Every structure is written in C-alpha cells, then in structure tokens.
Amino acid sequence: RCVVMYGVPYQYTLSRVLRARLEYLRETFQISENDFLAFDAVRQAAQCVGRVIRSKADYGLMIFADRRYARPDKRDKLPGWITKHIQQGNLNLSEDLLIQVAQQFMRSMAQPFDNKSNEMLLGEEQLQAIQQIRSNGV
C-alpha cells in the first residue's frame, strides 16, 4: 500500500536515440532539452508511484522522497489525479513527521467504509477508543 520514489528518474542523455528525439523536438516544436527531460522524468515517476493504485476504489500512500518534487517546476508536471491530493503542509517533511502522516492516513483508510453513502462507519470518538484499548494492551 505504499510506494517510495527516491530521486528523479532522468534518462541517460548520451543515448543517440534520445539525442535525435531531443533535436527533433527542439527543431519541430521548440521544446527545450531541459523541459522535455524534466517532463519525461516526472511522467516516469508518476507511472511508478501510480502502481500502488490498482482500481478506482483502491488507496495507497505515495512518497516522493526527493526535495525536488516540492518545487513547483517538478510538482506542476505531475498528473492532476496526484496533485489534487498533495497538501502544502506535507511537503519537505522530516522522517518523523512523515511516519506520523503515513500512520494517520493508513489508519483513516483502514477503517470500515460504506461505499453507498461514502461515509466512514466509525466516528472519531470510536477510533480514539479503539486506539486507547490497543495502546493499553487490552
């Protein structure tokens, strides 16, 4: 239920095939080499992390573990189905905060859910009571 993306997957730029493609894009569409490489790298990253979601009813945690994804020039190239779930407060988190956010997300997604009414079957008080029981070892 979790995919962690380390780094930005840029292509090997000395490839003759890639050099020819970059030249074609520059001459035909005036697309710069850096723009294409950045777009392609973010597209590949989105495909990789998107594998955690297998259906419309599925959920998963996508962690972009590279500060470059917090910059608008990279983040804005991610598809809308990913960016609409990115919260400003969750950018550039420390490892401790990341673990807290991940635990909170997984707890909220793991509770019973009524697909017809789109409502969680347990309220906040019930969840806290369950967590208290578990932490007390009862």
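Let me start with Y24, which is partly exposed, at a relative accessible area of 47%. By the cut-offs used here, buried means under 20% relative accessible area, exposed means over 50%, and partly exposed is in between, with a 1.4 Å probe and protein chains only. This is a predicted model, in which local features need pLDDT of at least 70 and side-chain atom pairs count only at pLDDT 80 or more, while totals for chains, interfaces and linings use all residues. Residues are numbered from 1 along each chain as its sequence is written, and side-chain values use heavy atoms, with hydrogens and water left out.

Now the aromatic pairs. The structure holds three of them. Rings of Phe, Tyr and Trp (its six-membered ring) pair if their centres lie within 6.5 Å; planes under 30 degrees apart count as stacked, over 60 as edge-to-face, and the rest as tilted. One of the three joins Y24 to F29: the ring centres are 5.9 Å apart and the planes stand at 80 degrees, so this pair is edge-to-face. F29 is partly exposed, at 47% relative accessibility.

Another pair is F64 with Y69, where the centres are 4.8 Å apart and the planes are at 55 degrees, so the pair is tilted. Here F64 is buried at 19% relative accessibility, and Y69 is buried at 4%.

Next, charges. A search of the whole structure finds seven salt bridges, each being a side-chain nitrogen of Lys or Arg within 4 Å of a carboxyl oxygen of Asp or Glu. I will go through some of them.

R43 and D40 meet through their side chains at 2.4 Å, N to O. Both lie in helix α2, residues 33–50, three residues apart, about one turn of the helix. Helices here are DSSP runs of H or I with at least four residues, numbered from the N terminus. Which of these two is buried? D40 is, with a relative accessible area of 4%, whereas R43 is partly exposed at 33%.

D66 forms a salt bridge with R68, with the closest N and O atoms 2.7 Å apart. D66 counts as buried at 17% relative accessibility, and R68 is partly exposed at 29%.

Salt bridges that share partners also join R1, R54 and D58 into one network. Within it, the R54 and D58 side chains meet at 3.3 Å, N to O. R54 is exposed, at 64%, and D58 is buried, at 15%.

Last, R1 again: it lies over the face of Y59, at 4.3 Å from the ring centre. The criterion is NZ of Lys or CZ of Arg within 6 Å of the ring centre and within 35 degrees of the ring normal.

Definitions and conventions:
Helices (H or I, at least four residues) and strands (E, at least two) are DSSP runs, numbered from the N terminus.
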